Amino acid sequence: MGPVQNYVSVSRRPPDVEDYIDILRRYRSWIIGPMFAGLVVAVVVAFWWPDTYVSEAMMRITPPQIPERLVPNSISTQLAQRLTQMQTEIESRSSLSELIQRPSLDLYKKKRQREPLEDVVDAMRKDISIQMINVPSASSPDRTMASAFRIQFKYTDRYKAQAVVNELVTKFMEQNINVQRKQSTATAAFLGDQLKDAKERLDNLDAQITKFKEENNGRLPEQLQANVQALNSLELRLGATNEALNRSQEEKMMLQTQLQNLNNQANYVANAAPEPTAGAESMRNDRLTQLNNDITTLETQLAAARQIYQDSHPDIKALESKLRVLQSERDRVQQSQLAAAKSAAAGAHKTVNPEVAKSLEDIKSNIALVQSQIKAKDLDIAERTKQQEAFTKAIQGYQARIEVSPVSEQRYAALQRDYDLAKANYDDMAKRHEISQTAQDLEEQKGGENLEVLDPASLPEQPSEPNRLAIAGLGTAGGLMLGLLLAGAKEMKNTSLKNLKDVRAYTNLPVLSSIPLLENALLVRRKRRLFWLAWSSAIIIGTIAMSGSMYYYYFGRT
């Protein structure tokens, strides 16, 4: 069994500038080779890459010529918001297919031969670019609004690129006009139908309310307060009529009692027939005094009643009738006193007692007076009874109206609420329909928000891509980076001692002298020939490839 060998791991010493220079010198082929290959590949790719021209046009969104506060816009969205919708329709498959296959354009001819039309449409959709240009809003500086947009199309033929951009601009303007006209017409038609329906509903509710008022006249909610006031007034008048009726009935009973007493008195005087005495004159004086007192009392009551009631009131008429009767009685008593005085002066020579006859006559006149008062009371009682029945019937009618008032009020309130809602809806629809008609006229005259071509489609003079210098530079830089990575990897893999610094660092021994590497001259010449042969071949091949791609770019394309 052989001895075990012990390996010691030694870390590499940090390289200095001379070491980096030695590395570049040792691995210069590993660095230059990939860099040259990257240059060749980049040049070939750059010149084989077809030129792409970008034509662009700019369109501006012009605000309405008439302020919106004067003529509101009936279109629900602003033009800047409708651009996305218009862009979607313009970039649809049918629209782009028509442009691609149009004989005057004949776009993507080679690609159409290799790929289906759907893929060609997707490729064209990617080549179209529509960019919004936003500016701060005048009403709100923190917000932005689209005031213009840029249309770009890239294609290998600059004339066709310009023609496509012109077609896109035309499509945007036509689409905008069609959308505005369609939305205005649809809005006006829709609001017209809604206005018609709202008017029919309003007329129907108006007819229902009119019919309800006719069927419930006197029981309407707005008549409730008047009904209550009328009921209270009737109840007061009924109470007054009842009091007057009771008073008249009481007075009639008193008059009947007085009539009975007078009849009894008349019978007694007629049967007794007393001689005339000096007391008859005293009786007449007492009667006259009583009549004057009664007349004064009635005049006071009549004056007080006239302050409360009108002259046509039954109480006032009864008082006036009673007052007239008493006044006539007073006049008769006064005339009888005068006649008695004349008879006494002439001398009474008759056999009949004048005092008895006069007393009997007074009693009969009182009986006639009381009978007339009883008849007046009967008429007054009959009249007040009729008034009582009329007031009671009217009160019952008003009570019935008030009792059914809550039900009528609920129904009437529901009808009125529906009518108010229908009226508000009709007014709103009428206003909207008028606005839509005005907006439609405005769109017909192109006075609303429109699109305007700010910059027409440009004819590109220089291709936008590829940037051949940049591609060549990137390819060369990429090859250089690859060569440096390869050189670094080779250096890390090579662990041999390369110079005296390595010998001193890794052996810790003094170096007395160094002997240069001696190689066979034949081998050295052979290596050099192979090196130059390889580099010459690579340069020739690379030059041919780059020259061929340049020739194809300038002279080989059709």
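**Salt bridges and buried positions in the predicted model**

Arg 102 is buried, with a relative accessible area of 18%, where buried stands for under 20% relative accessible area, exposed for over 50%, and partly exposed for values in between, calculated with a 1.4 Å probe on protein chains only. The structure is a predicted model, in which local features need pLDDT of at least 70 and side-chain atom pairs count only at pLDDT 80 or more, while totals for chains, interfaces and linings use all residues. Residues are numbered from 1 along each chain as its sequence is written, and side-chain values use heavy atoms, with hydrogens and water left out.

The side chain of Arg 102 meets that of Glu 98 in a salt bridge of 2.8 Å, N to O, a salt bridge being a side-chain nitrogen of Lys or Arg within 4 Å of a carboxyl oxygen of Asp or Glu. Glu 98 is partly exposed, at a relative accessible area of 36%, and a network of salt bridges links Glu 98, Arg 102 and Glu 167. By this rule, the count comes to 14 salt bridges.

A further salt bridge is formed by Glu 118 and Arg 93, whose closest N and O atoms are 3.0 Å apart. Glu 118 lies in helix H6 (residues 117-127) and Arg 93 in helix H4 (residues 93-101), so the pair ties together parts that are 25 residues apart in sequence. Helices (H or I, at least four residues) and strands (E, at least two) are taken as DSSP runs, numbered from the N terminus. Glu 118 is partly exposed, with a relative accessible area of 40%, and Arg 93 also counts as partly exposed, at 42%.

Arg 468 and Asp 51 are joined through their side chains in a salt bridge of 2.8 Å, N to O. This pair links distant parts of the chain, 417 residues apart, with Arg 468 in helix H12 and Asp 51 in the loop between helix H2 (28-48) and strand S1 (53-62). Both Arg 468 and Asp 51 are buried. Helix H12 (residues 468-493) has 26 residues and reaches 37 Å from its first C-alpha to its last, close to the 38 Å expected at 1.5 Å a residue, the expected span being 1.5 Å times one less than the number of residues. The buried residues of H12 include Gly 475, Gly 479 and Gly 483, as well as Ile 471 and Glu 491.

Gln 175, which lies in helix H7 (residues 158-215), is buried, with a relative accessible area of 18%. When residues up to four places away in sequence are not counted, Gln 175 touches Met 86 and Glu 89, contact meaning heavy atoms within 4.5 Å.
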